[in-house]
Amino acid sequence: MASGGPALESLVNQVISVITNDGRNIVGTLRGFDQATNIILDESHERVYSTKEGVQQLVLGLYIIRGDNIVVGEVDEDLDARLDLSKLRAHPLKPVIH
């Protein structure tokens with residue numbers, strides 16, 4: 001069993017949000033992961049936040065993310081579909097400083 005264990009196993013084929021240590025927010029369908037928590041996302045996009053304009057969504061498609069410095073969360077797809085990201089304003093996340 002991978003180090004992500006049952007928590008990640010239960011999220012396979014579900015839409016998740018990944019926050020990277022450099023402050024990126026990537027949303028996509030979890031297709032797999034390994035013992036180092038490297039993850040494979042399908043139909044993914046990066047959400048870029050700004051205080052001046054709505055959230056931009058950059059299409060990434062099939063995407064592999066190294067698992068050494070990420071946080072993974074489940075996305076409520078119904079709630080997410082109701083959000084008008086073009087009207088949402090927020091400060092971009094700052095990178096994590098070790």
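Me: Buried means under 20% relative accessible area, exposed means over 50%, and partly exposed is in between. With that in hand, is Arg 47 buried or exposed?

Reply: In this predicted model, Arg 47 comes out at 10% relative accessibility, so it counts as buried.

Me: And which residue forms a salt bridge with Arg 47?

Reply: That's Asp 80, with the closest N and O atoms 2.8 Å apart. The pair ties together distant parts of the chain, since Asp 80 sits in helix 2 (residues 77–82) and Arg 47 in strand 3, 33 residues apart.

Me: How many salt bridges does the count come to?

Reply: Five salt bridges. As background, side chains of opposite charge can pair when their charged atoms come close.

Me: Ok, what about Arg 24, which residue does it form a salt bridge with?

Reply: Arg 24 pairs with Glu 46, and their closest N and O atoms are 3.0 Å apart. This one also links distant parts of the chain: Arg 24 is in the loop between strand 1 (15–20) and strand 2, while Glu 46 is in strand 3, 22 residues away.

Me: Is Glu 46 buried or exposed?

Reply: Glu 46 has 12% relative accessibility, which is under the 20% cut-off, so it counts as buried. Arg 24, at 24%, counts as partly exposed.

Me: What does Arg 66 form a salt bridge with?

Reply: With Asp 68, at 2.9 Å between the closest N and O atoms. Arg 66 is exposed, with a relative accessible area of 61%, and Asp 68 is partly exposed at 49%.

Me: Let me step back a bit. How many helices and strands does the chain have?

Reply: There are two helices and five strands. Going along the sequence, they follow the pattern α-β-β-β-β-β-α.

Me: What's the radius of gyration of the chain?

Reply: It's 14 Å, close to the 13 Å that the globule rule gives for 98 residues, so the chain is as compact as a globular protein of that length. Along its principal axes, the C-alpha trace spans about 45 × 35 × 20 Å.

Me: And how much of the chain do buried residues make up?

Reply: Buried residues account for 34% of the 98 residues.

Me: Now the sheet. In what order do the five strands come?

Reply: The order is 4-3-2-1-5, in an open sheet with antiparallel pairing. In general, strands of a sheet pair through backbone hydrogen bonds, either parallel or antiparallel.

Me: Which are the edge strands?

Reply: Strand 4 (56–65) and strand 5 (70–74), each of which pairs on one side only. On average, neighbouring strands of this sheet are turned by 30 degrees against each other, direction ignored.

Me: How many bridges do strand 2 and strand 3 pair over?

Reply: Strand 2 (residues 25–33) and strand 3 (residues 39–48) pair over seven bridges, in the antiparallel sense. To pick a spot, Gly 32 has Ile 40 in strand 3 as its bridge partner.

Me: I'm looking at Thr 29 in strand 2. What is it in contact with, leaving aside its neighbours within four places in sequence?

Reply: Its contacts are Asn 13, Gln 14, Val 15, Ile 40, Leu 41, Asp 42 and Glu 43. Thr 29 is buried, with a relative accessible area of 9%.

Me: Where is Ile 65 found?

Reply: In strand 4. Ile 65 is buried, at 7% relative accessible area. Leaving aside neighbours within four places in sequence, the residues in contact with Ile 65 include Val 18, Ile 26, Ile 39, Leu 41 and Ile 70.

Me: How many residues apart in sequence are Ile 65 and Asn 38?

Reply: They're 27 residues apart in sequence, and 5.7 Å apart in space, C-alpha to C-alpha. Across the chain, 51% of the contacts between residues at least 6 apart in sequence join residues at least 24 apart.

Me: Last one: what is Leu 8 in contact with, leaving aside its neighbours within four places in sequence?

Reply: Leu 8 is in contact with Leu 30, Phe 33, Thr 37 and Val 72.

Note on methods. Residues numbered from 1 in each chain as written. Predicted model: local features only at pLDDT ≥ 70, side-chain atom pairs only at ≥ 80, totals over all residues. Heavy atoms only, no water. Pairing = 2+ DSSP bridges. Helix = DSSP H or I, 4+ residues; strand = E, 2+ residues; numbered from the N terminus. Axes fitted to C-alpha atoms, helices over the stretch in contact; angles between N-to-C directions. Buried < 20%, exposed > 50% of the residue type's maximum accessible area, 1.4 Å probe, protein only. Contact = heavy atoms within 4.5 Å. Salt bridge = Lys/Arg side-chain N within 4 Å of Asp/Glu carboxyl O. Rg over C-alpha atoms; globule rule 2.2 N^0.38 Å.
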